[in-house]
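Here's a quick tour for anyone opening this one up for the first time.

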Amino acid sequence: MSDTNTIISPENLIYKKTDVLLDNTMHYCPGCSHGTVHKLIAEVIDELGIQETTIGIAPVGCSVLAYNYIDIDWQEAAHGRAPALATAVKRLMPEKNVFSYQGDGDLAAIGTAETIHACNRGENIVMIFINNGIYGMTGGQMAPTTLPGMPASTCPAGRDVSHDGAPIKISELLAQLPGTCYVTRQAVHTAANVRKAKKAIRKAFENQQANKGTSLIEVVSTCNSGWKMSPVQANKWMEEHMFSYYPLGDLKDE
Amino acid sequence: MKELKLMKGNEAIAHAAIRYGVDGYFGYPITPQSEVMETLMAEKPWDTTGMVVLQAESEVASINMVYGGAGCGKRVMTSSSSPGVSLMQEGLTYLAGSELPCVVVNVVRGGPGLGTIQPAQSDYFQAVKGGGHGDYKLITLAPASVQEMADFVEDAFELAFKYRNPVMILSDGIIGQMMEKVELKEFKPRWTPEYIEENFPWATTGKKKGQERRIITSVELDPYVMEDFNYRLQAKYKACEENEVRYEKIMCDDAEYLLVAYGSSARICQKSVEIAREKGIKVGMLRPITLYPFPEKQLKDLAAQVKGILSVEMSAGQMIEDIKLAVECKIPVQHYGRLGGIIHSPGEVIEALEQKIIGG
């Protein structure tokens, strides 16, 4: 039996964590999608060689501390305002790569105006949108994207569409705007989906470099703690319920 | 090249911003200050200095665009009027909490609510006491002429970068709309990326090799660290209070009575002083130019000399609280001011002085 040192010798190296992803222990719950998406963004930044020119805009929500994990310059926005920050950063420094990272409450509730108008102006930025259908950080309240009948702490009997309205399909809405060049819906719960999601993130950054307008990547995600499920159950529930309301695939690619 | 022009206060703000080398203006239309963005759009500074001018979807968005730009070490500003500035309070507390420099112009109109488009000075509390949540302050400059509207753009940016804090130019609908001659300063070049890199080690301009990443944030989950940050913030404000007080004294040397007024009320009171002096009443005026930091010491000194103070402000009485604190209630202090967009006359001020202070 070969010893560990032989196994991890450089010539046997087939995978290495990108240095753009920091070694800080993530605060996310086991099974949460944030960590995977963070890693994909870090890998894309590494592969495109844009670590020195990328500025991230972090949201309010579980990923408020995203700046602890990806080794680039960051600005932390007020809840929902990331697209406004990104707009100014990009307009004042057009040669930089700018992306916002936002959850569903941030992007599709409190920041709806900032989201729609940044997309409508065709701001040359990337928006990463984590849709897990719930407010994770504040403890599992109803989100604008909570599914009909899905329980949350502020709708314990499940979302009542007659009372709360239907969950908003914000990506479909944004795809209608001339300013967006690429709107896609992805997931990261299987290896195949992770690969597709990474491709989409890479394409979004390439669109920015080609001055094509706003690229939005929605990642349909799980929130095991908020959903009160195990990671495996959450993935299954997402496949069975979330994907039928939020079907995966490109909504726009110009 | 310097130029002498006749223009509105709002227009002077726009021209001064371009000439000073401001990098970005983000705004949303609201009366009585829309000429600021209109002038900028007509001047097209993006073709000359490279300044970015953008009409945002709301004041909430414009102040957050200011946050984004300020975080990159750029000189960025916005302007609005009272209801719009109320919407900006969230952004302002985040800017102060993240220690970002910027300039916000408030061309105040009467409130509360949608109020009126006529001038008022009823946003004093909001400007000098913070306005948003948390223990922070806005350095607040109060121009009393179109010339000062122009000059204070530069002064405000200098203070903003010196203290890494938002600075408010608290104007009002009179100063914004009235036309006066103004000397515009010569054009200065905008800061280069190299200059920003050298001078602002906190600015998010992209993490260079071998450099720590830079983070602009106001969140801190460890309460002890947060407390330390708050103490540091307060120390900064204390330094500002010690070093940045600005004021103007008019005919105070032999004054027996004192008017305290800023902005357009100071212009009106200047006339009141003249008329009162002709009537043989020895009145002087202290005009605070910085409302925060407030000229406390100067007032305390004057309180040992005069018999009473009339605070004149187009409000129900806001600045009077700071005057009372400064003079420690050792002499009578009263308030006079018209409300809701009505402007007091010099004569009304004298009547109020006679009734409330001299006769009181």
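Keep in mind that this is a predicted model.

- If you're wondering about handedness, H3(A) and H4(B) make a right-handed crossing.
- On the H3(A) side, the residues that meet H4(B) are Ala84(A), Leu85(A), Ala86(A), Thr87(A), Ala88(A), Val89(A) and Leu92(A).
- Facing them from H4(B) are Ala61(B), Asn64(B), Met65(B), Tyr67(B), Gly68(B) and Gly69(B).
- Sorted by class, this helix contact has nine nonpolar and four polar residues, with no charged ones.

- Chain A puts 29 residues into the contact, and chain B puts in 33 residues.
- Four elements of chain A each give at least two residues to the side touching chain B: strand E1 (54–58), strand E2 (73–76), H3 and helix H5 (112–120).
- H3(A) provides the largest share of that side, with eight residues.
- Taken as a whole, the side of chain A that touches chain B has 15 nonpolar, six polar and eight charged residues.

**A strand pairing across the chains**

- E2(A) also pairs with strand E9 (residues 215–216) of chain B, in the parallel sense and over two bridges.
- Look for Trp74(A) here: its bridge partner in E9(B) is Ile215(B).

**Strand E3 in chain A**

- Strand E3 (residues 97–103) of chain A is mostly covered, with seven of its seven residues buried.
- In a regular strand, side chains alternate between the two faces of the sheet.
- On one side of E3(A), Asn97(A), Phe99(A), Tyr101(A) and Gly103(A) are buried.
- E3(A) pairs with E1(A) in the parallel sense over four bridges, and Ser100(A) in E3(A) is the bridge partner of Ile57(A).
- E3(A) also pairs with strand E4 (residues 126–131) of chain A, again in the parallel sense, over five bridges.
- In that pairing, Gly103(A) has Ile130(A) in E4(A) as its bridge partner.

Terms used:
Residues numbered from 1 in each chain as written. Chains lettered and ligands numbered in written order. Predicted model: local features only at pLDDT ≥ 70, side-chain atom pairs only at ≥ 80, totals over all residues. Left-handed = near helix turned anticlockwise from the far one by under 90°. Contact = placed C-beta atoms within 7 Å. Nonpolar A, V, L, I, M, F, W, Y, C, P; charged D, E, K, R; others polar. Pairing = 2+ DSSP bridges. Buried ≥ 20, exposed ≤ 12 C-beta atoms within 10 Å, placed from the backbone.
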